[in-house]
Amino acid sequence: MRKVLNRRTGMIEYMLKPFREIYAKHLDLGSLNEEMNAHGYLFLKGLIPAKDVRRLLDEIVEILHVAEWFIKDSDPASRVVNISSACGDPDPAFKSVYEKVFNLESFHAFTHQAILRQVMHQLVGSNLLIHPKPVGRLIFPNCERLIVHAHQDHRAISGDSESYTVWMPLHDCPPELGPLQILEASHRYGLQSVDPETGIIPKESAQGADWVAGHLNAGDVLIFHSLTVHAASANVSNQLRISMDCRFQSAERPIDPANLVFPGSSKQKSWEKTYSNWHSESLKYFWTKMPLKLNPSRAELAELAQTSSSEKMRSRYAAILSQLESQQLSHTQNPT
Ligand SMILES: O=C(O)CCC(=O)C(=O)O
């Protein structure tokens, strides 16, 4: 950490080490695996054309404007929040607005764009699997409970640890808007201990090199390994932070089928509902046409639906299995 004088406040502040930047215009695809192996993340500046990011942002902002998340009579594009609307997952008010964002065809298409595929092919090999459920983050400022603390994605995503998260702000995201911070080289230490009550990795005991951070702009992309420890910083601005994150892996490696269905909310969310206003067929159920290796397999899910120790887990496994069946994963070549 570096000490710097904040000229506006006159206070000394501690700055994290900056991200290692890779400029998209100088992109050497061949060097990315080595960079990822060494540091556990890649920070690609200007990878996605700003106008493409802006198009998606405008669609999302329109939904949030209608939901009255922004200050009355302000320009929705400035994203200045109406603090009386502040909410976050799992508040019902948040979920109903978020569902509209999640159902946008453009939200899903964004993760399939050619330049991202090209980079991710380089990292995972030719048989690329894009997880079908991207996550949109709509983060109100000054809400401590909405901050995502230090964790490793592999704990939640499961399947195979050789998977990667791509985190993309949909507008310029200076430190005061609460972008992600990364614990450099922390992917080398396997799954790290969490506080059993909160599931958070205590920053003091997290293993890795330095915490790194920076100012991300629309079009910049942060990619990290599923074992890389990372955390959001606090949004201390007066604006909503809007970003999205999605996961990529090789289709030759196992995937937890929970990533293909809606196990926690089978009644509220479904692929049929998600697709109801889409114009194109091309991305619907795209993964069912791929020979995936499910872990747990369908036979194991059936067993777990009977034998898991809690009723909650038994019904979760049963829901995953029945949703898989209705997606006709029998199309896969290897549905063990
Ligand atoms: O954007 C955030 O606030 C958290 C994102 C995150 O932790 C992730 O993408 O794994």
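The C-alpha centres of domain 1 and domain 2 lie 26 Å apart in this predicted model, the two domains spanning residues 2–253 and 257–336, respectively, with bounds that come from an automatic or database domain assignment. Across the boundary, 15 residues of domain 1 are in contact with 15 residues of domain 2, a contact being a pair of residues whose C-beta atoms, placed from the backbone, lie within 7 Å. On the domain 1 side, two or more residues each are given by α3 (92–102) and α4 (105–110), and the largest share, three residues, comes from α4; helices (H or I, at least four residues) and strands (E, at least two) are DSSP runs numbered from the N terminus.

The ligand is surrounded by R137, I139, V148, D153, T165, W167, L180, H230, A232, S243 and D245, where a residue is included if its C-beta atom, placed from the backbone, lies within 6 Å of the molecule. At least two residues of this shell are supplied by each of β7 (135–139), β8 (163–169), β12 (230–232) and β13 (241–250).

The chain as a whole contains nine helices and 13 strands. Its radius of gyration, 20 Å, is close to the 20 Å that the globule rule gives for 336 residues, so the chain is as compact as a globular protein of that length; the radius is taken over C-alpha atoms, and the rule is 2.2 Å times the number of residues to the power 0.38.

Residues are numbered from 1 along each chain as its sequence is written. For this predicted model, local features need pLDDT of at least 70 and side-chain atom pairs count only at pLDDT 80 or more, whereas totals for chains, interfaces and linings use all residues.

Key:
Two residues are in contact if their C-beta atoms, placed from the backbone, lie within 7 Å.
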